[in-house]
Amino acid sequence: MTKKEYFKGWYFKCAGDNRTVAFIPSFHCSNSSAYLQIITDDNAFCLPFPQLKYREDPLLVKIGNNVFSEKGIKLNIKTNDLTAQGALRFGELSPIRYDIMGPFKFVPFMQCRHSVYSMSHSVDGKLLFNGKQYVFHNGSGYIEGDCGTSFPKRYVWTQCHFANGSLMLSAADIPMLGFSFTGIIGIVMLNGKEYRIATYLGAIIKHIGNNTITVSQGDYELTAKLIKKNAYPLSAPVNGEMRRTIHESASCKTYYRFSYKGAILCEFKSDRASFEFEYL
């Protein structure tokens, strides 16, 4: 990997009772270009910027007149297609126990590395998008990140908040040293307990296809099913450049089932989940 191929981005999702919006600030090719992508329940925007500034600890990302941090978001955008302003405040973040990549964090030359900053936190505040008001009162937030050279060729990703917790799951084709394998990473936060599902812990795919994925790890099994899409196009990196179009539903209808030895730990449907099924 060279500096010319490098990308780094963050994903800030904010979900309210009847509104969802996700912000994706990112930079590419050694910060020679930057973008802020925004996806809502009914639209998506990709805004170019000359550069992005950030720090990791504590997380703070500045792109144009917009700020994304562990404390919240400040938005100030005026373009021909989008006028967006407002501020959101975040409550205390819920980090995971250790790096989601596990031992793979030490493997060099990986195509893409994932990170999870917060599985769930409160969101309060107000945003205006082209005159439409987005109000968040004790909403739910989620923050993750990616860096590397390219998104995986084939992958599934989903995230959802629910009554007793939150979850994320990703499975992807991982190229490495001339061969490839299917990598799985996932977290289910349920009643204050963290359940981790990952290739490095023995997780395998039992089924993937028809907008459904089922993974198992020992006696645990997790199923995620995309029931009804609400997808909009986003740009994704290929060798550090934003040359690929993917499709994400920031807020769509889904079904989840998490069990241990056949006993259901949680099972529910949601119409506020996020889903990408790029596994064709």
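Biologist: How do the residues lining the largest pocket divide into nonpolar, polar and charged?

Modeller: In this predicted model, nine of them are nonpolar, four polar and six charged, where Ala, Val, Leu, Ile, Met, Phe, Trp, Tyr, Cys and Pro count as nonpolar, Asp, Glu, Lys and Arg as charged, and the others, Gly among them, as polar. Totals for linings use all residues, whereas local features need pLDDT of at least 70 and side-chain atom pairs count only at pLDDT 80 or more. Residues are numbered from 1 along each chain as its sequence is written, and side-chain values use heavy atoms, with hydrogens and water left out.

Biologist: Which residues lie nearest the centre of that pocket, and how many line it?

Modeller: The lining has 19 residues, and D99, H114, S115, V116 and Y117 lie nearest the centre. The largest pocket has a volume of about 280 Å³, a volume being the space filled by probe spheres set on grid points joined across faces, edges and corners.

Biologist: What makes one space a cavity and another a pocket?

Modeller: On a 1 Å grid over the protein atoms alone, a 1.4 Å probe fits in a cavity but cannot get out, while a pocket is an open set with protein on both sides within 12 Å along at least five of seven lines; lining residues have an atom within 4 Å of a point. The structure holds one cavity of 30 Å³ or more, and the largest cavity has a volume of about 640 Å³. Its lining has 43 residues, with C112, H114, D146, F151 and P152 nearest the centre, and these lining residues divide into 26 nonpolar, eleven polar and six charged.
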